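Please keep the sequence and the structure at hand while reading.

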Amino acid sequence: MSSNAGNGKAVCVTGASGYIASWLVKLLLLRGYTVRATVRDPNDPKKVDHLLKLEGAKERLQLFKADLLEESSFDSAVEGCEGVFHTASPCNFNVNDPQIELIDPAVKGTLNVLKSCAKSTSLKRVILTSSMAAVLYSGKPIAPDVVVDETWFSKEEFCKASELWTSYELSKTLAEDAAWKFVRENNIDMVVINPGVVLGPLLQPSLNQTSAIILTLLNGAQMLSNACVGWIHVKDVVNAHIQAFEISSASGRYCLAESVAHFSDIVKITHELFPALPLTEKLVEGEPLVPQFQVSKEKAMTLGIEFIPLDVSVKETVESLKEKKFLNL
């Protein structure tokens, strides 16, 4: 993807030490952009060393300290940028206090970043990293012949009624809703990317939540979650973000899922690729079976996304977990 499309133009990436964000910083630098990366602690080597080693970082990467819950803390990182990629949002599936750990940073954080964008004199477009979690949970029936697309929005009431209120789904739904309302009121051009579960190699040294799901399976989990989800490679997600910024006609939301597969399908693929791994095929008892469904690729393809196949995503995730010594093979 290397080119000089960026031509030194400044863009901001929030939560830059995260999984998707690290890849975004990498590919933006390769495309010639000047990247202003926000992190909570620019002096923490675990968070920033992998970014500082990226090609082009010496010349065109600037680190900024910012906190999602501090209003105006993104002002200096955003001012002077043509694009802001807001990826920073907690992704955690095991929380004690969802309001404090998930919902406040997701919703208030998104609004704090957008308030900084509203003050900017240079901004052309915001790209928001949302999730299929903000798409799927509306109460509409899901079945193998149902095609989910960008017109689907998760609903707060449904998330709460389904006891998803303790979770990530509700935080992403509320954050995206709040973002759309704010950008309409403040005349900001925003495009939203809604990926499924993101797979592929890790750049950061810490384990992110979606890789942790796979790692649990690989390390001999006793039971599989009885769920079907959309899966997508991290490079497709990042390319979609960059294309959504560069293609002026891009607008609205873009759902990203190369395929929808049950956790048992992931185990099958992994078993074929890595026969030595101790994989279970036993499902969690009592969990209702989540039906298969389809996700439309039509709109995502207008961004030039080619969709890396699921088996490649699984293979590269496993190899990366092994290389980073998370997995004992």
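Helix α5 bends by about 40 degrees at D104, and a proline, P105, follows within four residues; the bend at a residue is the angle between axes fitted to the seven residues ending there and the seven starting there. The structure is a predicted model, in which local features need pLDDT of at least 70 and side-chain atom pairs count only at pLDDT 80 or more, while totals for chains, interfaces and linings use all residues. Residues are numbered from 1 along each chain as its sequence is written, and side-chain values use heavy atoms, with hydrogens and water left out.

## Helix α5

Helices (H or I, at least four residues) and strands (E, at least two) are DSSP runs, numbered from the N terminus. The 22 residues of α5 should span 32 Å at 1.5 Å a residue, and its end C-alpha atoms are 30 Å apart, which agrees; the expected span is 1.5 Å times one less than the number of residues. At the N-terminal end, α5 is capped by D97, which has a side-chain oxygen 3.2 Å from the backbone nitrogen of Q99. The contact is judged as a polar contact, that is, a pair of N or O atoms within 3.5 Å, where within protein one must be able to donate a hydrogen and the other to accept it, and residues adjacent in sequence count only if both atoms are side-chain atoms.

## The seven-stranded sheet

Strands of a sheet pair through backbone hydrogen bonds, either parallel or antiparallel. Here an open sheet of seven strands runs in the order β3-β2-β1-β4-β5-β7-β10, with parallel pairing, and two strands count as paired if DSSP finds at least two bridges between them. Its edge strands are β3 (61-65) and β10 (252-256), each of which pairs on one side only. Direction ignored, neighbouring strands of this sheet are turned by 20 degrees against each other on average, with axes being lines fitted to C-alpha atoms, for helices over the stretch in contact, and angles running from 0 to 180 degrees between N-to-C directions.

Strand β5 is joined to β4 by four bridges, in the parallel sense, and V84 has V126 of β5 as its bridge partner. Four bridges also join β5 to β7, again running parallel, and L128 is partnered in β7 by V192. Further along, β7 and β10 pair in the parallel sense over five bridges, with G252 of β10 as the bridge partner of V191.

Five of the five residues of β5 are buried, so the strand is largely enclosed by the rest of the structure; buried means under 20% relative accessible area, exposed over 50%, and partly exposed in between (1.4 Å probe, protein chains only). From β5, R125, I127 and T129 point one way and V126 and L128 the other way, and all are buried.

## Strand β9 and its partners

Strand β9 (residues 228-233) is mostly covered, six of its six residues being buried. On one side lie C228, G230 and I232, and on the other V229, W231 and H233, all of them buried. Strand β8 (residues 197-199) pairs with β9 in the parallel sense over three bridges, and I232 of β9 is the bridge partner of V198. By contrast in direction, β9 and strand β11 (residues 259-262) run antiparallel and are joined by four bridges, with S259 of β11 as the partner of W231.

## Salt bridges

Side chains of opposite charge can pair when their charged atoms come close. A search of the whole structure finds 11 salt bridges, each being a side-chain nitrogen of Lys or Arg within 4 Å of a carboxyl oxygen of Asp or Glu. The table gives some of them.

| Salt bridge | N to O distance |
|---|---|
| E82 and K124 | 3.3 Å |
| D189 and R125 | 3.0 Å |
| E319 and K315 | 3.1 Å |

E82 lies in the loop between α4 (75-78) and β4 (83-86) and K124 in the loop between α5 (98-119) and β5 (125-129), so this pair ties together parts that are 42 residues apart in sequence. K124 is exposed, with a relative accessible area of 54%.

D189 counts as partly exposed at 35% relative accessibility, whereas R125 is buried at 6% relative accessible area.

E319 and K315 both lie in helix α12 (residues 310-323), four residues apart, about one turn of the helix. E319 is partly exposed at 35% relative accessibility, and K315 is partly exposed with a relative accessible area of 36%.
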